[in-house]
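Open your viewer and get ready to click along. We will hop from one selection to the next and look at what is there.

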Amino acid sequence: MELRHLRYFVAVADEKNFTRAAERLNIAQPPLSRQIQQLEEELGVVLIEKGSRPLRLTEAGKFFHAHAQELLDKAADLKAMTQRVGKIDRKFAIGFVASTLYGLLPEIVRRFRERYQTLDISFHELATIEQMQALKDGRIDVGFGRLKIEDPAIRRIVLREEALIVALPVGHRLSKNEGPIRLSDVAQEALLVYPKQPRPSFADQVLAIFRERMLFPQKVIEVRELQIAIGLVGAGQGVAIVPKSLQGMVRTDVVYRSLDDPGAVSPITFNVRQMDRTPELSNMLDVIYEIYDELGISHVKHVL
């Protein structure tokens with residue numbers, strides 16, 4: 001059994017059709033069918049139910065599919081990491097969600113860059129779900145996200161849980177209260193959530209917080225990105241739930257208030273390839289925890 005057999009079978013299982021799988025693999029259908037048949041003969045089990053339309057996997061096929069995909073992901077990781085280790089000019093690509101720029105990420109990268117000046121660092125704004133694929137493709141080396149997405153090819157470290165606050169237009173009735181605001185009061189307002197795509201996203205995280213408390217916002221307005229949401233808040237079109245660090249985005253038409261719900265938090269996650277143990281990642285974690293310790297931010301230290 002070779003890696004190509006795994007790739008062929010995964011393509012057929014994903015597409016649920018030999019013709020589409022052959023097009024995806026850029027090969028003819030008859031050779032693809034023969035490869036799958038040879039794979040079944042080698043394993044001594046039937047992987048695909050004969051004559052099923054659309055194509056269905058047997059129980060053995062479902063098991064093999066899950067583990068074949070995991071092996072392919074690990075092979076891709078191994079290739080990407082070996083290529084990185086072999087390069088003389090070290091490159092380090094960071095993926096991030098926009099909201100982390102208003103928190104500690106700039107200071108983390110500044111300090112990291114000062115210590116490792118020979119490293120060529122690049123930045124890529126990506127939603128958390130996009131970071132997962134970018135890591136698998138080798139386009140980034142680490143991603144700072146907001147969602148706890150499970151993926152066997154990705155290792156996710158929760159750096160800390162950040163409190164959420166509400167952004168309100170200046171002069172809004174809720175802004176007149178200096179104390180924490182109740183989520184039930186926020187639910188009476190038009191709620192601006194972001195990003196609209198791709199999903200799942202921070203928007204789903206915010207809406208889930210309301211659902212878990214049996215609260216349903218009067219109106220939900222989905223917008224493309226964080227900056228648009230805050231701009232519309234300033235224009236009086238609604239309110240928005242945002243990470244506490246966004247208070248760093250100073251505007252004359254927006255005020256921020258805390259929420260009275262300690263469970264209204266958003267994680268900041270450090271996402272890397274499951275097998276990646278390159279020193280740059282450990283060094284960056286060391287810088288992060290050093291800053292957290294200096295600022296007295298509660299966290300649990302992890303090692304790669």
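Start by selecting Asp 261 and Arg 213: their side chains make a polar contact at 2.3 Å. A polar contact here is a pair of N or O atoms within 3.5 Å; within protein, one must be able to donate a hydrogen and the other to accept it, and residues adjacent in sequence count only if both atoms are side-chain atoms.

A quick word on what you are viewing: this is a predicted model, where local features need pLDDT of at least 70 and side-chain atom pairs count only at pLDDT 80 or more, while totals for chains, interfaces and linings use all residues. Residues are numbered from 1 along each chain as its sequence is written, and side-chain values use heavy atoms, with hydrogens and water left out.

Stay with Asp 261, which sits in the loop between β8 and β9 (265-273). Helices (H or I, at least four residues) and strands (E, at least two) are DSSP runs, numbered from the N terminus. Is Asp 261 buried or exposed? Asp 261 is buried, with a relative accessible area of 18%; buried means under 20% relative accessible area, exposed over 50%, and partly exposed in between (1.4 Å probe, protein chains only). Leaving out residues up to four places away in sequence, Asp 261 touches Leu 183 and Arg 213, where contact means heavy atoms within 4.5 Å.

Now zoom out to the whole chain.

Next comes the largest nonpolar core, with 37 residues. Such a core is a set of buried Ala, Val, Leu, Ile, Met, Phe, Trp, Tyr and Cys residues joined through side-chain atoms within 4.5 Å. Select Val 186, Leu 191, Phe 210, Ile 230, Ile 241 and Val 242, the residues with the most contacts inside this core. Several elements supply at least two of its residues each, including β4 (154-169), α8 (202-212) and α9 (226-234). The largest share, six residues, comes from α8. In soluble globular proteins, nonpolar side chains tend to be buried together.

Click on Val 186 and show its surroundings. Beyond its neighbours within four places in sequence, the contacts of Val 186 include Val 166, Leu 174, Phe 210 and Ile 241.

Move on to α9, where Leu 226, Ala 229, Ile 230 and Val 233 are buried. These residues cover an arc of only 95° around the axis, so they lie on the same side of α9; the arc is that of the directions from the helix axis to the C-beta atoms. The buried residues of α9 pack against β4, β5, β7 and β8. After α9 comes Gly 236, whose phi is positive, near 80°.

Last stop: the aromatic rings. Rings of Phe, Tyr and Trp (its six-membered ring) pair if their centres lie within 6.5 Å; planes under 30 degrees apart count as stacked, over 60 as edge-to-face and the rest as tilted. The count comes to six aromatic pairs. Select Phe 9 and Phe 64: the ring centres are 5.3 Å apart and the planes are at 70°, so this pair is edge-to-face. Phe 9 is in helix α1 (residues 3-15) and Phe 64 in helix α4 (residues 59-86), 55 residues apart. Then select Phe 112 and Tyr 116, a tilted pair with 5.1 Å centre to centre and 50° between the planes. Phe 112 is buried at 0% relative accessibility, whereas Tyr 116 is partly exposed at 28%.
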